[in-house]
Structures are given as C-alpha cells and as structure tokens.
Amino acid sequence: MELKVVKASVEKGEGLGWGKSLLVPSIQEILKNDSQSVPERYIQEPKDRPLISQNLFDSLQVPVIDFSMLAQKDANEIRKLDLACKEWGFFQIINHGVREEIMVNMKAAMAAFFELPFQEKSKCAKGANEIQGYGQNFVVSEKQKLDWCDMMFLKTFPHETRNFKFWPLTLPGFKEAVEEYSTEIRKVSNKIDANLSVLMGMDKNGLKRKLGEFQQGIRMNYYPTCSRPDLVLGISPHSDGSLFTLLLQDDEINGLQIKHKEVWIDAKPIPNSLVVNIGDAIEILSNGMYKSIEHRAISNEKKPRMSIATFVMPGDEVQIGPLDSMVNEKHLPRSYRNIKYIDYIRQKFAMKMQGKAHTPIVKL
C-alpha cells in the first residue's frame, strides 16, 4: 500500500520560525485504502488509551458562561468566570455574538478543504521549519505514536503574519469564510481578554497594555472514523501554549475531553457555543492562579468529526512572566520566570504533545 505523505515545501530564506515537525502519512488517505486496520504507529500504549465506554462522570459538566451577561457586568456571571478559570481552566460560552451563519460557513469551508483530492490538499503542505499549512505538528521522533488526525494550521492576525501559500485560494469561499470567522472570533477574544484583565487586578486594557497586539492562529482538525477508537487518540493529552483558545466543536459528535481532578471529562457540545480554555501563557501571567489544563480528543466508529481551534497569543518578542498584580511575596510568591514568548513556543514545538510537560520549563 502506498503511503501518501504530506510533503513540505522548502523555500530559500525561511527562518527558524516557531518550529518544525517530521513528515507523516495522512491518516485520511491511509483509510481510503484500508478503513478497518489500525496501523501500529497509531496504537497507543495501554496506559494512554481512552476508555470509550466510561460513563462514570457524566454528571460533571464544563461550566457554561453567558457572554451577554458578562457584557452587562453581571456580578454573578463574573464570579462564575473566575471560578471556571481557577477550578476548571475550561468553560463554554453562549450568547457570544458570532452569528450562526458565520460558524456554519467556517465549518463548511473546512469540510470542503478536507474533501479535496490529496494532491490538491498537498499544495498547502507545511513548509520546512514552519508550523503553518496542511500536515501535522509536534512529531519529533520516527518512533513517536501518532494522532488519529489530519490538520491545517493558519496564522490569521496580524494580517502581515498570513502566508497565503498555505491557503487553498482556489477553493471557492474558503478565504472569505476564514477571514470573516477569524474577525468575529477576534471580537470575542478581545472581550475575554478584557474580563481576564479585570480578574487579574488590572483595568480592562491591562493585558493589551502589557502584551501589545495579540496574534491569532486557527487550527482545523479532521478526525476520521476509526474501527477501534479504544486504541487510538485523536489528539494526545496536552495544554495549549496560547493565552487562551476558543474551540468551535462539532455540534453532534462528542470528542473533546478535559482532565479535571485527574479524571477525563467529556466537554459535551452545546450547539452554537464556543469552548474556551486557559493557555500556558495565562497560567504564567497569573502566577499559577489560572492554570492551563490537559485535554485530548478521542475518535469514534460512526462519523468523521471536525473542530476548529483559534489560538490567541502574545507577540513573538513579548516577555511573559507573572504580572505585578498577581505576585505577593508573602501570600503568592513568584512561581514562574520571565521568558520571551517565541522562546517558549519554540521549546513547546520541539517536544511531542505530552500533558503538562511544557510549563515546568518556566517554573521557578
């Protein structure tokens, strides 16, 4: 059987960027040849396999925040947001202001891309020393277990960080859908940033003043069906390196799980909601008050699943470290050192996804 590997383009003058990843076959293409077998490299070690039938903790629900109430500065909703950040590191937001049509169009554009012939998708393959484009990231070893997922990652803000060689510009409606969705999500992320600034003892513009203009990147995840979902992982357990991440889930199929008090909990989809999770950068800035949380994705036998993660990040050259408002030498001493964001991200991309293995890099 021919393995169709996503081949990277190599261009002169490409810098180090954020990192690089080894080339791996497209799982979507592997399954076109044999939909019943699970290649050895995708079979997780027994200790890492998901318990697909586990229903013991169905009563636990990720907190839900009504964004329209936050806009009204409702004290109870602000308190719920604070507790969600402290105790869960995850929450779902409803009434966030992004029109359903925009979310539907974004999902349709992503689906259309992954339905393209492999040769067409490969025109958007990741470049050398790059993480943008079609392929896979965080593959650092030929022996590493692989995720049951193909992905596309694009930088969307600031505009000058966009690299259109990775965009399928000939695919009708794709560019327009991504631009409209990323613009609307940016408005939501600005409101989240303002609320987090206040919760961390600053005015609503505190984080913007400290960090400058935020970066935004979108990762589109395609999870094919799997004949043995109990053996594989859609995405391995990890925390995000962002300030925070906004996820548009499949409304019908559950796949996201978060680690809450050492137990894996389903983040059950709420139609037209967005899932928000705290990233490593906020953990560092909050001096550990708000922690990034391990999460993973599982697969299923019945239907392919897609999700769209939007990462909100500091600028590459920004120094991140505990905010003065989050440090009290007597009660809350500094727990993290300062680090330039690009240095943190490069160290993160140099490792495979492995739980919370990255934040100890900056722990004091």
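**Entry 1: the Arg 99 pairs**

I began with Glu 180 and Arg 99, whose side chains meet in a salt bridge at 3.9 Å, N to O. For a salt bridge I took a side-chain nitrogen of Lys or Arg within 4 Å of a carboxyl oxygen of Asp or Glu. This pair links distant parts of the chain, 81 residues apart. Glu 180 sits in helix α6 (residues 174-199), and Arg 99 lies in the loop between β2 (90-94) and α4 (100-114). Helices (H or I, at least four residues) and strands (E, at least two) are DSSP runs, numbered from the N terminus.

The model is predicted, so I kept to pLDDT of at least 70 for local features and 80 or more for side-chain atom pairs, while totals for chains, interfaces and linings use all residues. Residues are numbered from 1 along each chain as its sequence is written, and side-chain values use heavy atoms, with hydrogens and water left out.

I then looked up accessibility. Buried means under 20% relative accessible area, exposed over 50%, and partly exposed in between (1.4 Å probe, protein chains only). Glu 180 is partly exposed at 36%. Arg 99 is partly exposed too, at 45%. Arg 99 also forms a salt bridge with Glu 101, at 3.6 Å, N to O. Glu 101 comes out partly exposed, at 48%.

**Entry 2: other salt bridges**

Which residue pairs with Lys 356 in a salt bridge? I found Glu 283, with the closest N and O atoms 2.5 Å apart. Here again distant parts of the chain are linked, 73 residues apart: Lys 356 is in the segment after α9 (341-349), and Glu 283 is in helix α8 (residues 280-285). Glu 283 is buried, at 2% relative accessibility. Lys 356 is partly exposed, at 25%.

I also noted a network of salt bridges that links Glu 29, Lys 32 and Lys 121. My search of the whole structure gave 23 salt bridges. Side chains of opposite charge can pair when their charged atoms come close.

**Entry 3: the sheet**

I traced an open sheet of 8 strands with mixed pairing. Its order reads β1-β2-β10-β7-β12-β5-β4-β3. Two strands pair if DSSP finds at least two bridges between them. β1 (64-66) and β3 (133-135) are the edge strands, each pairing on one side only. From one strand to the next, the twist averages 25 degrees.

β3 pairs with β4 (residues 150-157) in the antiparallel sense, over 3 bridges. Tyr 134 stands opposite Met 152 in β4.

Which helix packs on the sheet? I found α6, touching β2, β4, β5 (215-223), β7 (244-248), β10 (274-278) and β12 (305-313). Contact means heavy atoms within 4.5 Å. The direction of α6 makes about 135 degrees with that of β7. Axes are lines fitted to C-alpha atoms, for helices over the stretch in contact, and angles run from 0 to 180 degrees between N-to-C directions.

**Entry 4: backbone exceptions**

Most residues other than glycine have a negative phi, and most peptide bonds are trans. I looked for departures.

The peptide bond from Phe 157 to Pro 158 is cis, with omega near -10 degrees. Pro 158 lies in the loop between β4 and α6.

Phe 138 has a positive phi, near 65 degrees. I placed Phe 138 in the loop between β3 and β4. Is Phe 138 buried or exposed? Phe 138 is buried, with a relative accessible area of 9%.

Lys 261 has a positive phi of about 55 degrees. I located Lys 261 in the loop between β8 (256-260) and β9 (263-266). Lys 261 is exposed, at 72% relative accessibility.
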